[in-house]
Amino acid sequence: MIEAKGWVTAQVGERFAGHNRVLGVITSLLVGLVLLDIYLVPLPHLCAVWVGVASFALAVSLFITRLLLPNGQFKASLELVLLLAYLFAVCWFTGRTDSPFISAIYLVLMATSLTLGRRITYLMAGLAVASYSLLAAGESPPLWSQLPGYLIRVFPFILIAHVGAILAGETEAAHAEVERLSLTDDLTDLNNMRSFEALALQQEKLSRRHQSPYAICMLDADNLKQINDRYGHLAGTELIKWTARVIRSNIRESDIAARFGGDEFIILYAGHDKEQILPAVERIVRAINSCPFSYEGDLIDCTLSAGIASFPWDGDDLKSVVKQADLAMYRSKRLGKNRVSLAETEREQTGQREQLQVRGEQLRGRVPQLDGKRAGVHLGEGDLTR
C-alpha cells in the first residue's frame, strides 16, 4: 500500500542535507591538510601559489553552490566533481601520481557511492581514471605507456567505486525495508495508523486549499469474537488478513487504507463525499458477505459493518470526521450489522425517528443516536462489478 502512494518523505532531503554537512567537513579538513603540507614541505613558489588559488576557488565554488542550489542529487554531484577537480590540481603541483593526496580520490568515490547511487558512482570512477591518466601523462615516460603498471594503479578506483555502489545498494534496500516496516501493519500489509495519519493530514491540507471533499470510512468485522471462540484466535487472525485483502482489492491507488486496530479498518477517499463513495463501500461489504474465507478446511462466513463521514460536512478536521464515521459504523452494528450507514448531522440525529429491524423483531420509537433521515443500507447478495 505504501509504495503505491508515491508520497515523498522528508528523509530524502535529510540525506542530502547530511551529505552537505559531511562534505563540508571533508573539504575543510582536506584543504587544511593541503595547506599544512605546503607549510611543512615547501613547494616552488609558483606551485604554492597555484595550490592556494585552487583552494580559494574550491571554497568560493562550494559557497556559491550552497547559496544558489537546493539540496538534491545535482548539487551533490556538482560538489563532488568540484572536489575531484581540486584534488587533481593539488596532485598536479605536489608530485602528480606520487602526490600524497592521490589516495584522497578514493574518498571522493566512496562519498559518491554512498550518496548518489551506482550510475553516478561509475561515472565518477571514469572521471577519476581520466584524472589519473592526465596526471600520469605529465610524467616521463608516461605511466600509461607501461600498461600493466597503469592498470594496477587505476584498478583500485574502479574496485572501490564498484564495492561502494554495492554497499550503497544494500544500505538503501535495508533502509527502504525498515521504513516500510515502520509504516506498514505487519499483519495486513496495509498502512499502519502512523503512516495513515501522515497521509490523511496531508490530504486534509489539500482539501482545505482546493476546497474539495474527502470521505472517511470505518469498517469493523461483525463476528470476530464468535470466530475466535469457535475456531480459535488463529482463525480470527485469518479473518483480519482476509478483510484486508478484500479492502485492498476494492479500492483505488489514490485511496488510503489502514488497519485502525484489532479488527477495525479505516479508508480515506480523496476528492469524494460520503454519498459518492457509498457504492464503493457497499461493494467491500458485499464482497465480505458473499465470500467466506477458508480456515483448516472450513469455510467461515463473516460480515462487516461500516460507517462513512465526509469533510467538511461532518467535521472541520480529520479527528472529528473520523469520530463521525466511527459513530456511523456503530449505528450499522445496532441496526443489524452487515450494512453501511452514513454519518448524520446533529439535527438529523435529534429530529428524526426510524424503524429498525433486528433479528425479525420490529422496534419502533426513538432510539438514541440511531434516528436519521437515511437508514443503514442493508446489503444482500449481489455482483461485485465496479
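Helices here are DSSP runs of H or I with at least four residues, and strands are runs of E with at least two. The model is predicted.

**Stop 1: the annotated spans.** Select residues 101–117. This span is 76% helix and 0% strand. Its end C-alpha atoms lie 25 Å apart. Now select residues 76–95. Here the chain is 90% helix and 0% strand, with 28 Å between the end C-alpha atoms. Both spans are among those that an unreviewed UniProt entry lists as "transmembrane region".

**Stop 2: the loop.** Go to Ser 99, in the loop between helix H4 (73–93) and helix H5 (104–116). Is Ser 99 buried or exposed? Its relative accessible area is 4%, under the 20% cut-off, so Ser 99 is buried. Show its contacts beyond four places in sequence: Cys 91 and Thr 94. Then select Arg 96 and Trp 92. The charged end of Arg 96 sits over the Trp 92 ring, 4.0 Å from the ring centre.

**Stop 3: the aromatic rings.** The whole structure holds 5 aromatic pairs. Select one of them, Tyr 106 and Phe 157. The pair is tilted, at 5.1 Å centre to centre and 45° between the planes. Tyr 106 belongs to helix H5 and Phe 157 to helix H7 (residues 147–183), so the pair ties together parts 51 residues apart in sequence. Phe 157 is buried at 1% relative accessible area, whereas Tyr 106 is partly exposed at 27%.

**Stop 4: helix H10.** Select residues 233–249, which make up the 17 residues of H10. H10 reaches 25 Å from first C-alpha to last, close to the expected 24 Å. Colour its buried residues, including Leu 239, Ile 240, Val 246 and Ile 247.

How values were computed:
Residues are numbered from 1 along each chain as its sequence is written. This is a predicted model: local features need pLDDT of at least 70, side-chain atom pairs count only at pLDDT 80 or more; totals for chains, interfaces and linings use all residues. Side-chain values use heavy atoms; hydrogens and water are left out. Buried means under 20% relative accessible area, exposed over 50%, partly exposed in between (1.4 Å probe, protein chains only). Contact means heavy atoms within 4.5 Å. UniProt positions are given in the numbering used here, feature names are shortened, and annotations may be inferred rather than shown by experiment. The expected span of a helix is 1.5 Å times one less than its number of residues. Rings of Phe, Tyr and Trp (its six-membered ring) pair if their centres lie within 6.5 Å; planes under 30 degrees apart count as stacked, over 60 as edge-to-face and the rest as tilted. A charge sits over a ring if NZ of Lys or CZ of Arg is within 6 Å of the ring centre and within 35 degrees of the ring normal.
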